[in-house]
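Subject: Structure handover

Hello,

Here is the structure I promised to pass on. My notes on it follow below.

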Amino acid sequence: MSLYKEISEGKAYISVIGLGYVGLPIALEFAKKTHVVGFDIKEERVAMMRNHIDPSNELVAADFDNTDIEFTTDPEILKKARLHIVAVPTPIDDHRLPDLKPLLSATRNVGGVLKKGDYVVYESTVYPGCTEEDCVPILEELSGLKLGVDFKVGFSPERINPGDKEHTTTSILKIVSGSDAEALEEIARVYELIVTAGVHRASSIKVAEAAKIIENTQRDVNIALMNELSMIFNRMKINTFEVLEAAGTKWNFLKFSPGLVGGHCIGVDPYYLLYKAKQLGYHPQMIDSGRSINDGMAQWIASEIVKRIVGTGKNLRESRVLMLGMTFKEDVSDIRNSKVVDLIREFESFMVKVDTVDPHADATEVFNEYGLKLTEAPSGQYDVIVAAVQHDKFKNMKEKDFKKWAGRDAIFVDIKGVFKHEIKDLTYWSL
Ligand SMILES: NC(=O)c1ccc[n+]([C@@H]2O[C@H](COP(=O)([O-])OP(=O)(O)OC[C@H]3O[C@@H](n4cnc5c(N)ncnc54)[C@H](O)[C@@H]3O)[C@@H](O)[C@H]2O)c1
């Protein structure tokens, strides 16, 4: 029986492996249509989801309503499913190379339960070729089955944007691909059951993998250009955001802005493409330069600020910085690969003390991940106030609020340029 038919009639089980930012919303959407097994390796996360709590803080309890889902850490339960959707992390290692351990481990779990007629769809962001070259051989070896004859695979990248309530799993057009024409059609129709924005049928798995990786690479390279411009304009003593505001009045000027590029997508995915390109004998220059500029931004910002502190005649060892925000982007709790951490470490390398406050980040998580202590509330006077992350709570503040924390000759650092018209008395610096 067709996969689509079985699922649309609520007969077949779907398993979702990896219940994070990507996996949980998909699992819950499908669980409104058919039976779902939600599998994750972290017992504490599974326990929270059983209690209708999203560990990633994106969904609310009501999002679990009217769903038929069994949360588990037991890979044996995956046996029930005919369609397996893999949405585990695809990070980089200390050498900035793809770390496929979670992906291959999830693939081994699926390979161990795969049956004739099953489908496996990968949603994790990977380099072109990964699904067919790295994952399929494991599925075939562990199941003893043959791709195309006994089971089919697909790749369907996720485009959600953490913290974005408008672009959600069901409202973003989804790219789908399959290992053959039948797989493509079946997988496309299954996703059409939940994605109201529709699906784009890519011509092959590699095309779909490449499409996802270039969406983020394009953003990374464009932000790198803005960051480079801001280093030039800083020397010219002009404000980059003012330049962009003026240039942005042209109809075809692209609207990117400078800043810290953290998180586990834009700052990571280009390394997957770099890795694969180099493996194929091509050494990308633009993508590599973009990465190197963006990875070096925190260091550059800190050194510019340190020069200014010294310029006020202060002793660095006695200087204090107040860092407003620590997560990788605004209004999310995710601290992974946050470049604010690089900024803090850079200040600390100059012996400058940093107090960091963040209404969204979890203090224990910050300590476990980075060995850094969050400050509950600012105390005393600071020499530098850095508006690092534009959480709503900070964005709505006025200069008088900041002035309460400002010491003599304090510098206000506005990384995203949002307080440009607000700060009149404090010394203002932005990219
Ligand atoms: N977060 C985003 O906005 C976003 C957007 C598009 C694409 N992606 C991609 O989607 C994939 C998943 O990202 P995410 O943000 O959902 O990650 P996440 O870290 O939020 O969640 C991953 C989940 O997978 C679990 N996990 C780890 N290893 C596992 C394994 N071997 N088996 C089962 N579960 C395992 C973790 O415990 C966690 O619950 C990545 O490839 C990422 O690049 C993420």
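Which residue in strand 11 does Leu322 stand opposite? The residue is Ile385. Please keep in mind throughout that this is a predicted model.

The sheet with Leu322

Leu322 and Ile385 face each other across two strands: strand 9 (residues 320-324) and strand 11 (residues 382-387) pair in the parallel sense, with 4 bridges between them. They belong to an open sheet of 5 strands, in the order 10-9-11-12-13, with parallel pairing. Strand 10 (353-357) and strand 13 (427-430) are at the edges; each has a single partner strand, so one side of each has no neighbour in the sheet. On average, neighbouring strands here are turned by 20° against each other, direction ignored.

Helix 12 (residues 339-349) packs on this sheet and touches strand 9 and strand 10. The direction of helix 12 makes about 155° with that of strand 10.

Helix 11 against helix 12

Helix 12 also packs with helix 11 (residues 297-311), at an angle of about 40° and with the axes 8 Å apart. The two helices, helix 11 and helix 12, are therefore oblique to each other, and their crossing is right-handed. From helix 11, the contact takes in Met297, Ala298, Gln299, Ile301 and Ala302; these meet Lys339, Asp342, Leu343, Glu346 and Phe347 in helix 12. By class, the contact of helix 11 with helix 12 has 6 nonpolar residues, 1 polar and 3 charged.

Helix 7 against helix 10

Helix 7 (residues 205-236) packs with helix 10 (residues 286-295) at about 60°, with their axes 8 Å apart. That angle makes helix 7 oblique to helix 10. The crossing of helix 7 and helix 10 is left-handed. Helix 7 contributes Thr217, Asp220, Val221, Ile223, Ala224, Asn227 and Glu228 to the contact, and helix 10 contributes Met286, Ile287, Ser289, Gly290, Arg291, Ile293 and Asn294. The residues in the contact of helix 7 with helix 10 divide into 6 nonpolar, 5 polar and 3 charged.

Ser15 has His84 in strand 4 as its bridge partner.

The ligand

The ligand is surrounded by 30 residues, the closest being Gly18, Gly20, Tyr21, Val22 and Ser124. Which helix gives the most to this shell? Helix 4 (residues 101-111) does, with 3 residues. By class, the shell has 14 nonpolar, 10 polar and 6 charged residues.

Regards

Notes:
Residues are numbered from 1 along each chain as its sequence is written. This is a predicted model: local features need pLDDT of at least 70, side-chain atom pairs count only at pLDDT 80 or more; totals for chains, interfaces and linings use all residues. A residue is near a molecule or strand if its C-beta atom, placed from the backbone, lies within 6 Å of it. Ala, Val, Leu, Ile, Met, Phe, Trp, Tyr, Cys and Pro count as nonpolar, Asp, Glu, Lys and Arg as charged, and the others, Gly among them, as polar. Two strands pair if DSSP finds at least two bridges between them. Axes are lines fitted to C-alpha atoms, for helices over the stretch in contact, and angles run from 0 to 180 degrees between N-to-C directions. Two residues are in contact if their C-beta atoms, placed from the backbone, lie within 7 Å. Angles under 35 degrees count as roughly parallel, over 145 as roughly antiparallel, 65 to 115 as roughly perpendicular and the rest as oblique. A crossing is left-handed if the near helix is turned anticlockwise from the far one by less than a right angle, and right-handed if clockwise.
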